[in-house]
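Here's a quick look at a protein model, with an eye on how its parts meet and on one residue in particular. Have the viewer open as you read.

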Amino acid sequence: MVKSSVVDNESGKSVDSEIRTSTGTWFSKGEDAVISKIEKRVAQVTMIPLENHEGLQVLHYHDGQKYEPHYDYFHDPVNAGPEHGGQRVVTMLMYLTTVEEGGETVLPNAEQKVTGEGWSECAKRGLAVKPIKGDALMFYSLKPDGSNDPASLHGSCPTLKGDKWSATKWIHVGPIGGKKKLNLGTPECHDENEQCQEWAFFGECEKNPGFMEVQCKRSCKKCT
């Protein structure tokens with residue numbers, strides 16, 4: 001485990017910052033049977049193929065460690081490039097422990113805010129989710145039209161009692177590494193993934209057009 005870093009908004013490089021004080025480590029995609037099982041489940045829930053996923057990051061917070069509110073979508077031109085899968089679109093945050101006090105995930109720009117007892121002062125700054133072992137929080141960083149969503153601003157409140165362990169999956173609009181187009185149609189009208197027809201059948205063209213109209217143009221009938 002090493003101290004967590006943040007992405008510099010201009011250079012796109014990882015840099016140290018006091019806004020993020022946790023420690024963490026990365027697991028490569030498909031590193032072992034457990035990781036593969038988690039990744040397959042995340043792909044099923046999000047309906048976004050594994051080639052669009054980053055590796056799994058595990059984080060540890062204790063003794064007041066935190067991550068100030070931030071966006072998961074990139075501001076620099078490097079990490080959001082097509083060779084990196086484009087912009088991050090989905091975050092899947094999985095809680096590995098139950099924190100006795102503090103450690104909530106807070107979304108300050110949400111329309112609703114939590115109130116009452118049982119929440120830290122940090123959590124009351126917005127809509128918040130308590131870290132409970134076995135639970136997961138999924139949210140989108142982009143709007144349906146593909147633009148950045150300011151409502152996705154989120155942070156990890158300081159842990160006040162107990163340790164917080166979590167695992168995060170960041171998922172991009174396109175395949176990481178610039179995967180070649182699949183032969184699922186003509187060059188002018190094709191799908192990028194073999195699951196496009198299934199996703200379209202379940203209404204994803206309307207629910208998630210920012211992703212589907214790029215990756216599943218043929219199945220969504222968006223060819224000109």
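Predicted model: local features only at pLDDT ≥ 70, side-chain atom pairs only at ≥ 80, totals over all residues.

The chain splits into domain 1, residues 2-172, and domain 2, residues 181-223. Here's the interface between them at a glance:

| Item (domain 1 and domain 2) | Value |
|---|---|
| Distance between centres, over C-alpha atoms | 28 Å |
| Area buried between the domains | about 720 Å² |
| Part of that area on carbon and sulfur atoms | 63% |
| Salt bridges | zero |
| Residue pairs in polar contact | one |

So what touches what? Eight residues of domain 1 are in contact with eight residues of domain 2. On the domain 1 side, Met47, Pro49 and Pro144 lose the most area to domain 2, and together they make up 63% of what that side buries. Sorted by class, the domain 1 face has five nonpolar residues, two polar ones and one charged one.

Now for Thr46, which sits in helix 1 (residues 33-46). Is Thr46 buried or exposed? Thr46 counts as buried because its relative accessible area is 5%, and the cut-off for that label is under 20%. Leaving out residues up to four places away in sequence, Thr46 touches His53, Val90, Met92, Met138 and Ile171. Met92 is 46 residues away along the chain, with 8.7 Å between its C-alpha atom and that of Thr46.

Definitions and conventions: Residues numbered from 1 in each chain as written. Heavy atoms only, no water. Domains from an automatic or database assignment. Contact = heavy atoms within 4.5 Å. Buried area = accessible area lost by both parts, 1.4 Å probe. Salt bridge = Lys/Arg side-chain N within 4 Å of Asp/Glu carboxyl O. Polar contact = N/O pair within 3.5 Å; in protein donor to acceptor, adjacent residues only side chain to side chain. Nonpolar A, V, L, I, M, F, W, Y, C, P; charged D, E, K, R; others polar. Helix = DSSP H or I, 4+ residues; strand = E, 2+ residues; numbered from the N terminus. Buried < 20%, exposed > 50% of the residue type's maximum accessible area, 1.4 Å probe, protein only.
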